[in-house]
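Q: Please take a close look at one part of this model. Describe what surrounds it, and then set it in its wider context.

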Amino acid sequence: MFIRIVKMSFHEEHIPKFLENFDVMKEKIRGANGNRFLELYQDKYNPCIFFTYSFWETEDDLENYRRSELFYDVWTFTKKLFNEKPEAWSVDKVVSLP
């Protein structure tokens with residue numbers, strides 16, 4: 001299992017549209033094959049910046065999601081709202097403290 005972190009920055013006026021769409025799509029994204037966890041964060045000091053944090057069973061699961069109609073629908077809508085290019089990282093957990 002690995003973690004995918006995606007940083008997205010939006011035009012302020014588009015934040016409500018993004019949040020509304022995320023609310024509609026979040027269960028579908030979480031239900032994608034291999035997705036084990038999904039959270040959305042908003043930067044504490046810059047409200048235009050958001051992060052998704054998700055756990056995936058395998059890289060193939062993430063790639064299958066990224067090639068899916070669901071991803072196409074989500075990303076086609078979302079990318080129109082950006083004010084900067086998004087960034088993404090795939091990371092492995094090294095240490096976790098309870």
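**Lining of the largest cavity**

A: Strand 1 supplies the largest share of the lining of the largest cavity, three residues; strands (E, at least two residues) and helices (H or I, at least four) are DSSP runs numbered from the N terminus. The model is predicted, with local features needing pLDDT of at least 70 and side-chain atom pairs 80 or more, while totals for chains, interfaces and linings use all residues. Numbering starts from 1 along each chain as its sequence is written, and side-chain values use heavy atoms, without hydrogens or water.

The lining consists of Lys 7, Met 8, Ser 9, Glu 84, Lys 85, Pro 86 and Glu 87. A cavity is a set of points, on a 1 Å grid over the protein atoms alone, where a 1.4 Å probe fits but cannot get out, and lining residues have an atom within 4 Å of a point. The volume is about 30 Å³, taken as the space filled by probe spheres set on grid points joined across faces, edges and corners.

As for the sheet, four strands form an open one in the order 2-3-1-4, with antiparallel pairing; pairing requires at least two DSSP bridges. Strand 2 (35–42) and strand 4 (87–91) are at the edges with a single partner strand each, so one side of each has no neighbour in the sheet.

Note on methods:
1 Å grid on protein atoms, 1.4 Å probe; cavity = no way out; pocket = protein on both sides within 12 Å on 5 of 7 lines; lining within 4 Å.
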